[in-house]
Amino acid sequence: MSYDRIHRPQARFRRVLLATSLLSTVLLPAAAAAQDAAVDETATEAPTDIVVTGSRLQRTDLTAPSPITTVSEDTIKLSGNVTLERTLNQFPQLGQGNTGSVNNGGGAGVLTANLRGLGSTRTLTLVNGRRFIPANSAADVDLASIPDTLVRRVDIITGGASAVYGSDAIAGAVNFMLRDDFHGFEATAQYGINELGDGASQKYDLTIGANLPDNRGNVALAFSYTKQEPFTQADRSWARIPVADNAAHTAFVYSGSGNIPGMRIPLSTSQLAGIQGVGAAGSPCTAVTSIRFEPGGAPVRYCSPEDSYNYASYNLLQRPLERFNVSAIGHYDITDNITAFAELYFVNARNNSILAPDSFAPVTPSPTNPLTTTLLVPYVNNPALPAVTAAFFAANPGIFDPDGDGIAAVNQAGLRTEDLGTRRSYYERTSFNATGGLRGNLMIGAHEWKWEAFGQFMRNREDTRALGTVNSARLSLALDAVAGPGGTAVCRAQVNGCVPVNIFGTGGISSAAAAFLTPERISNNIFERKVVGASISGTLFELPGGPVATAFGAEYRSDDYEGNPSPFDRAGDYGAASNRALSGSFNVKEVFGEIRVPILSDMAFADTLALEGAVRYSDYSSVGGVTAYKIGGEYAPVNWVRIRGAYNRAVRAPNVAELYNTVGQGFTGGTDPCDKSQNRSPERLAFCVSQGIAQADIAGFTQSALGLTQQSGGNPNLRPEKTDTYTIGGVISPPFIRGLNITVDYFKVNVQDAIVTPNVSQVLNDCFATLDANNISCQSVVRGPSGQINYVNTQTLNVGYLKVSGIDAQADYKLGLPDALGIGGEPASLSLQAVASWLFNKTQKTLTNTNPQDCAGYYGAGCSSGTGGFILPDFKLNLNATFASGPISWRWTGRMIGALDVFPGTAAFVSHVPAVWYVDTMLSADVKDELRVFMGVNNVGNRKPPILGTTFVGDANVDVSLFDVAGRRYFVGATLKF
């Protein structure tokens, strides 16, 4: 059953109690058993200076005021996943981002990290503490480009890190630490397949490394090849047919696309009442909203949804991927105090998306009005047009040809060019990163200081080859036909090999016409980044509480992006859907500093008391100067209890895409607020009429197409985002339960002047909350002559705010097991881990007149996207148990995605989704010292995703980025090393 916002705190509290009970159930009995079977772990190493993610300060422990979750090398390598984003997104701190399952709306297939659900642009992805190759105009890092075979661990810092690392770290940072001491030979092969026999994957890694003479350095070279096969919506029963709520929200009904083979023309109720020469609708028929054309061109009444088009069988649920990585990492001690280092990365990644045959509103491109929604069809003496179609236009001049010039003006038509085959987009990214520098140490007074200077050059080129999309300019030429020799139809304008075509009725497009209408669209874009930086860290002086550590430095970064669309796009041949050339750049000069002041140490009730601070000043060529800073502290009354907290003022400057993207259109889910299925007050009805819906039509007005068209673009007048992040928590490692560590941290993130592209639902909600024609959101809703929405304008802008708060908790426990449980006389151990995240709220105020909306744990009403989902649960939990003895390691993982509810006030057939559990297991065995074999099963229970319908989560009926769409899958592999 669903419940409203008033009951949410109690529900969250119950979930906290439930999770606490689970932790107690798992950990406390194990703790009791540990008293008799614990492994002696008293041996320690001498402390050494280390640097933790989220700080540049040297310290002798892994503690820091900002919370960090670490993902181990084995977790990544033995997960069965061949892309890093699948493993990372399973951790509760990350909301889902773009994944290999996002087909429609997935763009070039850049796989991203998304902390707190605040967006990939607010999550900084690092490799060895430095920025990595940008993959698109938003400067996102494609996780598929990171050499996972060299990953030693991944640190997820969730306290905001702009003061330490710079812009983009508003939600935090994900830092991939690579191995720099590998020596020997290691080769791994892995194969996986879904239970249904599809989606096969294979991965091959080879790493070779050696220490240099006299142990003065190390060099490692790694190769990796990955291939993943696709599968489609037709391969899963729950995605084969698009469904949506019926008018009463009491059941799911078929809900295909209103863009259909043969053409659909939406008309108002009054136009349909007076139309001439149109055949009757088929039976059954829920609602007549338009006319359509049968084979041969005869017009008949169109029934919604019965006559809509089922596109699902073509669309991918898993995109194919082929990737080749080469990485080289090395360092050499030039002297005892100076080390040269270098990192080289090369990546070639290919993937593609497949969509159903082209779906669009055919228009006649206009140089003076690229956003025209009108198709001009010469119907007098047009030999390519069926006689019955020409007669239909001639019989209805008041609708199509009021000026009597023999050219029919068709508005908002919906066409599906099934005769032309599917739309295929092939993407190839070739990326290169070269990092080099010097680091070393020097004595300043009585203290040793460490320094580093480095430079980076990164280049990413993305080439795109698109097939199957109709060139609107060529379509206009092909529709304008005259009689040629022997009375055959020829194009009036004999250019570019024009072939006449008829799009009214199916089967009217020949293979020659298809080739003419769908020329290849070849485009590319290039992103180049240059970074130079230097830093130094060490001890200023000693206090009674310990050394005062500091770090400071400077960086310079320049980002240059150039997007080169196809010549057809440059000419505007695709109308508003044409890709525009994009060229933009900016640079930033930064200085930064950090300090840690230990106030008390090794005293009664004050084992540690210290304060930390950091500041970074950045001067952007695009938005000017901004300052980020951090204040934090830690207090340990005893050495096994530590309390930590921090305040961060973070900033994020707009990226190239947000500043300079040109206007374009795309399709998304959404419902017209004027549709008769909506709650329509008399004031709303009157406003719908004022927007352009005829008074005679408003009572029975029905949206004629599935979803809506969104028009969006960049904004060069954007301001930087400013964010306040608060964290406070504690770490407990009780000495009376050896091996147990518990961390709990509260977080709160407030993003002001957030840079967003509002979705269609948010713009419509903002407009219809005010019913004010002067509201910019209402002016963004553009309707056609029939009253149907042509498009909704959703330009990127600085909006009110985004707010996120919650609690992260983690418990780790390792205990020795009785000898009887050992294998082959070897000692046995059990490692337990629980990681949970409660999201108290994710509140967004997107537009000026929109009330703040809390989307944590909700879908619908702007809390989910119609192109791919992106719902953010308010609770996620991971439980892990690993048994290890001698050569055997056996791990079980349980992953819970918390319950979801439809947003209060939103009508929906599915108003509540219970929590979803996934269970994975993996077994590895060292056959010999040189050979390890492993196998596993992911989604052991073959759990299917919950169906929410296309209106809320897009064309696959489910949120493909949040839930598992593959089902049960198996993997097996082996590692050879010496």
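1. Start with the aromatic cluster: Phe293, Tyr379, Phe392, Phe393, Phe400 and Phe504 form one group. Rings of Phe, Tyr and Trp (the six-membered ring for Trp) count as a pair if their centres lie within 6.5 Å; planes under 30 degrees apart are called stacked, over 60 edge-to-face, and the rest tilted. Keep in mind that this is a predicted model, where local features need pLDDT of at least 70, side-chain atom pairs count only at pLDDT 80 or more, and totals for chains, interfaces and linings use all residues. Residues are numbered from 1 along each chain as its sequence is written, and side-chain values use heavy atoms, with hydrogens and water left out.

2. Now for the ring pairs themselves. The whole structure has 22 aromatic pairs. One of them is Phe293 with Phe392, an edge-to-face pair with 5.9 Å between the centres and 80 degrees between the planes. Phe293 sits in strand β13 (residues 287-293) and Phe392 in helix α6 (residues 387-395), so this contact ties together parts that are 99 residues apart in sequence. Helices (H or I, at least four residues) and strands (E, at least two) are DSSP runs, numbered from the N terminus. Both Phe293 and Phe392 are buried, where buried means under 20% relative accessible area, exposed over 50%, and partly exposed in between (1.4 Å probe, protein chains only).

3. Phe393 and Phe400 are both buried.

4. What lies over the face of Phe747? That would be Arg116, at 3.5 Å from the ring centre. The cut-off here is NZ of Lys or CZ of Arg within 6 Å of the ring centre and within 35 degrees of the ring normal.

5. On to salt bridges (a side-chain nitrogen of Lys or Arg within 4 Å of a carboxyl oxygen of Asp or Glu). The structure holds 44 of them. Take Glu520 and Arg465, whose closest N and O atoms are 3.0 Å apart. This pair links distant parts of the chain: Glu520 is in the loop between α9 (511-517) and β26 (521-543), while Arg465 is in strand β23 (residues 447-467), 55 residues apart. Both ends are partly exposed, Glu520 at 37% relative accessibility and Arg465 at 34%.

6. Arg492 and Asp480 make another salt bridge, with 3.0 Å from N to O. Arg492 lies in the loop between β25 (489-491) and α9, and Asp480 in the loop between α8 (472-479) and β24 (481-483), so the bridge ties together parts 12 residues apart in sequence. Arg492 is exposed, with a relative accessible area of 52%.

7. Are Asp672 and Arg783 buried or exposed? Both are buried, and their side chains meet in a salt bridge at 2.8 Å, N to O. The bridge joins distant parts of the chain, with Asp672 in the loop between β32 (664-668) and α12 (682-691) and Arg783 in strand β37 (residues 781-783), 111 residues apart. Elsewhere, salt bridges with shared partners join Glu73, Lys77, Arg179 and Glu186 into one network.

8. Have a look at the open sheet of five strands, which runs in the order β1-β4-β5-β2-β3 with mixed pairing. β1 (68-72) and β3 (130-131) stand at the edges with a single partner strand each, so one side of each has no neighbour in the sheet. Two strands pair if DSSP finds at least two bridges between them. β1 and β4 (residues 151-157) pair in the antiparallel sense over five bridges, and the bridge partner of Ser72 in β4 is Arg153.

9. Lastly, the disulfides (cysteine sulfur atoms within 2.5 Å of each other). There are five, and with the bonded cysteines numbered in sequence order the pairing is 1-2, 3-4, 5-6, 7-8, 9-10. Cys285 and Cys303 have their sulfur atoms 2.0 Å apart, and their link is left-handed, with -105 degrees about the S-S bond. Cys285 is partly exposed at 31% relative accessibility, whereas Cys303 is buried at 1%.

10. Two further disulfides join Cys491 to Cys498 and Cys855 to Cys863. The torsion about the S-S bond of Cys491 and Cys498 is about -75 degrees, so that disulfide is left-handed. The link of Cys855 and Cys863 is left-handed too, with -75 degrees. Cys491 and Cys498 are both buried, and so are Cys855 and Cys863.
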